[in-house]
Structures are given as structure tokens and as C-alpha cells.
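Here is a short report on a sheet, a helix and a ligand shell. Look over the sequence and the model first.

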Amino acid sequence: MNALLEVKGLVKSYSGVHAVRGVSFSLQAGEILALIGPNGAGKSTCFNMLNGQIRPNAGSIRLNGEEMVGLPPRTVWRRGVGRTFQITATFSSMTVRENVQVALLSYHRRLWSVLGYAGAAHREEADDLLTLVGMDQQAERPCGELAYGDLKRLELAVALANQPRLLLMDEPTAGMAPKERVELMRLTAAIARKKDMGVLFTEHDMDVVFEHADAVMVLNRGELIARGSPQEVRRDPHVQAIYLGEGLLYDAKHREEAVQ
Ligand SMILES: Nc1ncnc2c1ncn2[C@@H]1O[C@H](COP(=O)(O)OP(=O)(O)OP(=O)(O)O)[C@@H](O)[C@H]1O
């Protein structure tokens, strides 16, 4: 089966700092892949190369066989790479629905005239996306009033406006309560499967990673040191050695033992 995303030999250095050194991996449509690693491992640099924000020094990024390296972020977005950020980026003075409409207007390349910018534009499509993320009942509310968990769901709807084939999620559950984390990741997984969309996410919460990822990759000092199922990666002695210092895998493992 051809991969949705095929990354080969990705390299990025900043005047002597080797942020990413020869990263290669593939991701299938519908797959949920986690990219984990200690602080400074190179996760953000990888993401920024994948969405065209940073140009790699070497390597190739193919989406459905098409080379993405060298394309500007907007073109990468148009070709089907969506992204959500750690800090939510919505317009707080607009309503929930308007935020999704703006994303749809941009996707459909419609110009937005100053007045009467068309409350009707893509309204049904916006409502469909809001229903998908469970926010349809809140369509009329100003974004500024939303609880954090709802903002994250709205952000997901906004990211889905360009019908991404691949969604990059930068620490999607940061700042959320544990129950909300589970709900957001469940929702993301259900949407990914329904739409056959690949998801690559970074995450510091190991419970989220082990519960929701189909596969996990571990980055350390710019190099991928492991890839496998959540169980394989958790048992990998090399990974444990890196993470034990931070207490991350240790915590997750102990919590698991505590509930058995
Ligand atoms: N613009 C830059 N200029 C110089 N060095 C950079 C730049 N961006 C990142 N780096 C360095 O590259 C390395 C990888 O950083 P990166 O932000 O990709 O790691 P990360 O895994 O995302 O970390 P975190 O989990 O803390 O966000 C670090 O040593 C960082 O200091």
C-alpha cells in the first residue's frame, strides 16, 4: 500500500545545532501516529518542515507521492496538510460558526467584502463541521466565551475546513483537564477513521499517547530512535533510558499497574 506521507532523510541544522538529523518515516491514510521525545528533541522543527514553514537542508517529504519540499506553507495547506497549534488560534470576537466560515472562505478562495460578508457563505458546510466536532449547539456563541475544551474542538473544525489528507497536531491536549483530553483524542481518532485522514501529533502526556496512537515514534537529539506500537515503544529499553530521567514513561507505567 502506498503511504499517504513518505518522509526520507530529513535534515535541519541551525548554525551548528543539529535539530533534525536524517529523519525517515511513513504514515498511512487513517493512521494516528504520535511523535514523542524530550524537550529539544526536534519535534517542532519536524512539524515546521512538514507544513512548509521551514525548509529542510536535505531530505524529501512526499504527500501521496508528490514532493512538498520547497513549497510555501499556503500551498502545502492547499495540497492537504492541516495543522492545529498548541496555542489556539481563533477570532474571539466572532461567533463559533463565523470562525469556521472564515476558514472555509479561505479554502474556497472567496473574497470577503467588508460589509455583509455573507453570514450565509458556506453556512451549511460550517454547520456540518461543527456537528462533526460536537459544537453545533454553540454555533452562535462568541468564541471569546468558550471553555478551553470547546475552543480546542472549534480549532479542530477550523483545521478540517481545507479537507486535510494529513493533520498535524502540536500537543493537542496541552492545558486540558484529563477527561477533556480523552474526549478530544477520541473525537480526533473517530474523524480520522471516518475521513481516512492521517494524523501526526506531538504530545507530552504519555497516557494520551499510549491510549490513542496506532503507532509511536521517538525522537531524541534529532534522530528517530524507535517506532512501533505503543506497547513495543513503552517496552523498548533505549526509550525507557531516555524517558526515565523525565519520569514520563515511568509515571504512565505505574498508573497502569495501579489500576490493574
Ligand atoms: N530557530 C532556531 N534557531 C536555532 N536553534 C533552534 C531553532 N529552532 C530550534 N532550535 C534548536 O533545535 C533543537 C530542536 O528544537 P525543537 O524546538 O524542534 O525541539 P522540540 O522537540 O520541539 O522541543 P519542545 O518539546 O521543547 O518543544 C533545539 O536544540 C533547539 O534549541
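The report takes the sheet, then the ligand shell, then the helix.

This is a predicted model: local features need pLDDT of at least 70, side-chain atom pairs count only at pLDDT 80 or more, and totals for chains, interfaces and linings use all residues. Residue numbers start from 1 along each chain as its sequence is written.

An open sheet holds 4 strands in the order 2-1-4-5, with antiparallel pairing. Strand 2 and strand 5 are the edges; each has a single partner strand, so one side of each lacks a neighbour in the sheet. Strands (E, at least two residues) and helices (H or I, at least four) are DSSP runs, numbered from the N terminus. Two strands pair if DSSP finds at least two bridges between them. Strand 1 and strand 4 run antiparallel and are joined by 5 bridges. Val-7 faces Ile-61 of strand 4.

| Strand | Residues |
|---|---|
| Strand 1 | residues 5–14 |
| Strand 2 | residues 17–27 |
| Strand 4 | residues 58–63 |
| Strand 5 | residues 66–67 |

**Ligand shell.** Residues around the ligand include Tyr-14, Asn-39, Lys-43, Ser-44 and Thr-45. A residue counts as near if its C-beta atom, placed from the backbone, lies within 6 Å. Strand 2 and helix 1 (43–50) each give two or more residues to this shell. Helix 1 gives the largest share, 3 residues.

**Helix 1.** Of its 8 residues, 7 are buried (20 or more other C-beta atoms within 10 Å of the residue's own, all placed from the backbone). Among them are Lys-43, Thr-45 and Phe-47. Gly-52 follows helix 1, with a positive phi near 85 degrees.

Note on methods:
A residue is buried if 20 or more other C-beta atoms lie within 10 Å of its own, exposed if 12 or fewer, and partly exposed in between; C-beta atoms are placed from the backbone.
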